[in-house]
Amino acid sequence: MANLNGTTSDLRATFLGVYSVLKSELLNDPAFEWTEGSRQWVDRMLDYNVPGGKLNRGLSVIDSYKLLKEGKDLTEDEVFLASALGWCIEWVEGFDSYTWEFQLQAYFLVLDDIMDNSHTRRGQPCWFRVPKVGMIAVNDGIMLRNHIPRILKNHFRGKPYYVDLLDLFNEVEFQTASGQMIDLITTIEGEKDLSKYSLPLHRRIVQYKTAYYSFYLPVACALLMAGENLDNHVNVKDVLIAMGIYFQVQDDYLDCFGEPEKIGKIGTDIEDFKCSWLVVKALELCSEEQKKILFEHYGKTDPADVAKIKALYNEINLQGAFAEFESKSYEKLTSSIEAHPSKAVQAVLKSFLGKIYKRQK
């Protein structure tokens, strides 16, 4: 096993090695009588949907656990278990058609692409658009979801925190699915109405759709592995949810004002009628005349309409509003983190914040 005290590439190599072990176990699960065809299908489906992307959420379980151990070298067993939990999160993510990556993630990604009628993910066709896949992808998404309890059963059933892990993953999946539901019903085709959009709605969607699984779940997994009771860390959850909201506001900002070559995509939130922080903040700041421009041109794909929305954003200085939001968010988060009695927990939270503060992609 790679040296965990070595480079980032060592850690990534170790993490990917655990994926290979988990995949092999799943492809030989004794609960199902495999045929060569079914094994080949799941093998291909996993490799296509799972280990691509940055793997940040999965790797952060290992990083967080190591920080909670206050610098002590991790045993091979600890590295494997933290990696397995990291892969379960990657298996979870996926509602967000740009940022989510594998298992709980991959499960959501596969279904999210279908719901959003997306065409590509990570530079390749969405799984459901691959020849001969189509709506079989719905069942593949269900398969991915069911892999998570199989992994947890195989490797954590004898652990004192096993039931807490099951409860944690079930709760976060429910929260994420509920957040996706709010997002979807707010933008039902033919019923687009900007008057529904507000800062509280945006916060609600982001909190449930992104923040719980992207920020809280990795740290909660590490805390459970470290023998902590999650009921004693409600304040940690609050900080991480606030961090997740800050992260999504950054994402919304970069979608419009970021450089495509840096963020790796051309933003389409305006064309897609997204409940973005920019549009809800604009609704708060605009005069009645400016609101008429928003209502008339937001959500339209014609470049002229998009240009009018961007010109309005500049007119009301949304860049300045974002800079103020970012500054206040960082100050509040830093204050909350430093108030925590545990230096190890502080280190975990500061590590997360340091990775996202003033990011450009």
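The structure is a predicted model, in which local features need pLDDT of at least 70, side-chain atom pairs count only at pLDDT 80 or more, and totals for chains, interfaces and linings use all residues. Residues are numbered from 1 along each chain as its sequence is written, and side-chain values use heavy atoms, with hydrogens and water left out.

The protein chain contains 15 helices and two strands. Helices (H or I, at least four residues) and strands (E, at least two) are DSSP runs, numbered from the N terminus. The chain has 361 residues, and 52% of them are buried. Buried means under 20% relative accessible area, exposed means over 50%, and partly exposed lies in between (1.4 Å probe, protein chains only). Contacts are heavy atoms within 4.5 Å. Among contacts between residues at least 6 apart in sequence, 69% join residues at least 24 apart.

Two packed helices are described by the angle between their axes and the distance between the axes. Helix 9 packs with helix 14 (residues 318-338) at an angle of about 160 degrees, and the axes are 11 Å apart. Helix 9 is therefore roughly antiparallel to helix 14. Axes are lines fitted to C-alpha atoms, for helices over the stretch in contact, and angles run from 0 to 180 degrees between N-to-C directions. Angles under 35 degrees count as roughly parallel, over 145 as roughly antiparallel, 65 to 115 as roughly perpendicular and the rest as oblique. The crossing of helix 9 and helix 14 is left-handed (the near helix is turned anticlockwise from the far one by less than a right angle; clockwise would be right-handed). Helix 9 contributes V239, A242, M243, Y246, V249, Q250, Y253 and F257 to the contact. Helix 14 contributes residues including L318, F322, F325, E326 and I337. The residues of this contact comprise 12 nonpolar, four polar and one charged. Here Ala, Val, Leu, Ile, Met, Phe, Trp, Tyr, Cys and Pro count as nonpolar, Asp, Glu, Lys and Arg as charged, and the others, Gly among them, as polar.

D252 also lies in helix 9 (residues 234-257). D252 is buried, at 7% relative accessibility. Leaving aside residues up to four places away in sequence, D252 touches H202, D269, S276, W277 and L278.

Side chains of opposite charge can pair when their charged atoms come close. The whole structure holds 12 salt bridges, each a side-chain nitrogen of Lys or Arg within 4 Å of a carboxyl oxygen of Asp or Glu. One of them joins R145 and E173, at 2.3 Å from N to O. This pair links distant parts of the chain, with R145 in helix 6 (residues 136-156) and E173 in helix 7 (residues 162-186), 28 residues apart. R145 is buried, with a relative accessible area of 14%. E173 is buried as well, at 13%.

Other bridges lie within a helix. K281 pairs with E284, the closest N and O atoms being 2.7 Å apart. Both residues sit in helix 11 (residues 277-285), three residues apart, about one turn of the helix. K281 is buried at 18% relative accessible area, whereas E284 is partly exposed at 47%. K292 pairs with E289, with closest N and O atoms 3.2 Å apart. K292 and E289 lie three residues apart in helix 12 (residues 288-297), so about one helical turn separates them. K292 and E289 are both exposed. Finally, K23, D43 and D47 are linked in a network of salt bridges.
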